[in-house]
Amino acid sequence: MLVRDLTDGQELDQVLLVRGVELRTKRDGAQFMKLALGDRTGQLTAIVWEGVAEMRELCVAGQPVHVRGRYEVHVRWGPQVALRSLAAAAPGSFAAEDLVDGPPRPADAMEAGVRELVATVQDEHLRALLESVLGPHTDTWELYRRAPAAKLYHQAYAHGLLEHSLTVAQGVALLASTFPGIDRDVAVAGALLHDIGKLDAYTADPAAIDLTDTGRLQGEIPLGYYRIRRAIENLPGFPPDTAQAVLHIILSHHGSLEHGSPVVPCTREAWLVHMIDNLGGKLGSFDRLEKSLAPGAAWSPFDRGVGASAYFGPITAEPQRRAA
């Protein structure tokens, strides 16, 4: 069964993916292990109290394990499983596509979308920058193509960064012609590059997404700023004002200091990218919540990604009445 289909008190006997492992210490000095287990529809918590040393070799982030126990929904801690046993997942006992989520569109189609969008950039310097970072034969492109967009809240899967950056850039491109005074090329370039720091901030394994040491110590925004600044410095004759405009978008795209941006948006282009980036993240959270929605449910539990419970409407519409 998928995690979203489990009910409180149900016996569990199936393969789940290890999403995270935390080794902790009890007050008496003994160790225990907190596991995050899940599939493409949801996640739950399990605690290993005994045999921790042996289980550490089995429970590796990104690896499937056979889980036996009882599924419970704790009023405070949420979905969890009271473990009876953990074992290696036997070959053929699970389908990989049930365990790892992915984007709704093929990666090749999204790549074509990026190529089409880059081709519309008229500024030769910005187009050269985009080609140097996202060109099909660059080392950066393969990382960008495979990377997740987040650890949990939106597009937390392989090709998630590609999906998120493309949709944000497409939205920015459309709106740039609606509002006066916006430099479309700067806005589109900034949108495609705004999350480039995630290449260094997150691990590459889509089955066990986590922050890297570099991501924890420096943050995705500074990492993205320095990556694009180095790329600009390698392009002779790049206009300083254009460089500053793009780098400001990267630095300010979270929108506020409390959300991790070292500066707030101060240009039309930066505000546009921030707003569409925020919208893309929220709607990505709705996609995640809808996949994990229990059968017959119209509301999700409270979710930090949207700051509320998400509503997906009636499951079946009332039949239309014929006119008399």
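In counting charges here, Lys and Arg are taken as positive and Asp and Glu as negative, while His and the chain ends are left out. With that in hand, let us look at this chain, which is a predicted model.

On this count the chain carries 31 positive and 40 negative side chains. The centres of the two sets lie 5 Å apart.

Now for the overall build. Along the principal axes, the C-alpha atoms fill a box of roughly 75 × 65 × 40 Å. The secondary structure consists of 12 helices and seven strands. Of contacts between residues at least 6 apart in sequence, 55% link residues at least 24 apart.

Here are some values for the chain as a whole:

| Property of the chain | Value |
|---|---|
| Share of the 324 residues that count as buried | 45% |

Let us turn to one spot worth a visit in the viewer, the second largest pocket. Its space comes to about 170 Å³. Which residues line the second largest pocket? They are Ile47, Val48, Trp49, Glu50 and Met55, together with Leu83, Arg84, Ser85 and Leu86. Two elements, β3 (42-48) and β5 (78-88), each give two or more residues to this lining. Of the elements, β5 gives the most, with four residues.

Key: Residues numbered from 1 in each chain as written. Predicted model: local features only at pLDDT ≥ 70, side-chain atom pairs only at ≥ 80, totals over all residues. Heavy atoms only, no water. Buried < 20%, exposed > 50% of the residue type's maximum accessible area, 1.4 Å probe, protein only. Contact = heavy atoms within 4.5 Å. Charge placed at Lys NZ, Arg CZ, Asp CG, Glu CD. 1 Å grid on protein atoms, 1.4 Å probe; cavity = no way out; pocket = protein on both sides within 12 Å on 5 of 7 lines; lining within 4 Å. Points joined across faces, edges and corners; volume = space filled by probe spheres on them.
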